[in-house]
Amino acid sequence: MQTVSKSAKTGRNAPCPCGSGRKFKKCCLRKNKININKSATLPNRINNVPIKTSEEISGIRRAGELVIRTLDLVESHLRPGMVTNEINTLVHDYTIKNNAVPAPLNYRGFPKSVCVSINEVICHGIPGNRRLQDGDIVNVDVTPILSGYYADASKTYFIGTPSDEARKIVDVSKECLKRALTMVKPGNTTGDIGWIIQDYAEAQGCSVVREFVGHGVGVDFHEAPQIPHFGKRGEGVELVPGMVFTVEPMINLGNRQLKILADNWTAVTKDGSLSAQFEQTILVTETGYESLTPYEL
């Protein structure tokens, strides 16, 4: 699941992002750049973003392993004629069997254990009686809570034989995530991630959804920072080792406008064009990144 984009700026009276414990205006506001001594023990929050401990990272990694096994299970069952609620049952039962809890179930009223988004559905599709048809594309978004830790990932799959348009939007979406991960390293910013996604997607004649973004994850379902999939280089939150967040670009074949259906969850393209998404949970390391929900792109 995604959160809605908001400003990532630090207020004058907020705690300083450097972790000093002083107000921003009394500390690093007038400095050109926040100096983080990476040889010292990092504070548990920087720029109001949680910095995960080694114990927390291990827990999120184990949850991520369950995510990948769950996605592999779903993929092995996908077929034309399958009802989306069957996907929900697969995910729910497998999650419970592995001593975990489906995070989406009853989250802010969401009624199912997984998001299943077909064709023009951008995200938050609610499983039900809709049948998969030959030529469809379907995104399955899985988030379990295992021993108190969350991991979040999704893939978009082909059902039967895809059209050229379906192949294009899935390939572009996958490449957007692949390129975005090259921007994840200490010293880069969330704006660098958004910039490379937007630059590539728009060069392919596609558009980037802006209303929903990636998000911190691990100890809670949605944490700071937000990860917009559009933006400018050098803007946003600086990346620091120990940050854990999702990168999950939602790419439309047509324009980026969307509408929310009457269920108050399902987001669809306003022009009815196809939309695809790939998502992984990412850890910022000392030298780059590690995917905690790794699969081949």
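Strands here are DSSP runs of at least two residues, marked E and numbered from the N terminus. The model is predicted.

**Stop one: Pro225.** Select strand E13, residues 223–227. Pro225 sits in this strand. Now look at the link between Ala224 and Pro225. That peptide bond is cis, with omega at about 0°. Most peptide bonds are trans.

**Stop two: Asn99.** Go to the loop that runs between helix H2 (84–97) and strand E4 (100–102). Asn99 is found there. Its phi is near 60°, a positive value in a residue other than glycine. Most residues other than glycine have a negative phi. Is Asn99 buried or exposed? Asn99 counts as exposed because its relative accessibility is 68%, and the cut-off for exposed is over 50%.

**Stop three: His124.** Select the loop between strand E6 (121–123) and strand E7 (137–142) to find His124. Phi is positive here too, near 65°. His124 counts as buried, because its relative accessibility is 5%; buried means under 20%.

**Stop four: Glu279.** Move to the loop between strand E18 (275–277) and strand E19 (280–284). Glu279 lies in that loop. Glu279 is buried, yet it has no salt bridge. Which side chain of opposite charge is nearest? It is Lys155, 12 Å away. A salt bridge would need a distance within 4 Å.

Notes: Residues numbered from 1 in each chain as written. Predicted model: local features only at pLDDT ≥ 70, side-chain atom pairs only at ≥ 80, totals over all residues. Heavy atoms only, no water. Helix = DSSP H or I, 4+ residues; strand = E, 2+ residues; numbered from the N terminus. Buried < 20%, exposed > 50% of the residue type's maximum accessible area, 1.4 Å probe, protein only. Lys, Arg positive; Asp, Glu negative; His and termini not counted.
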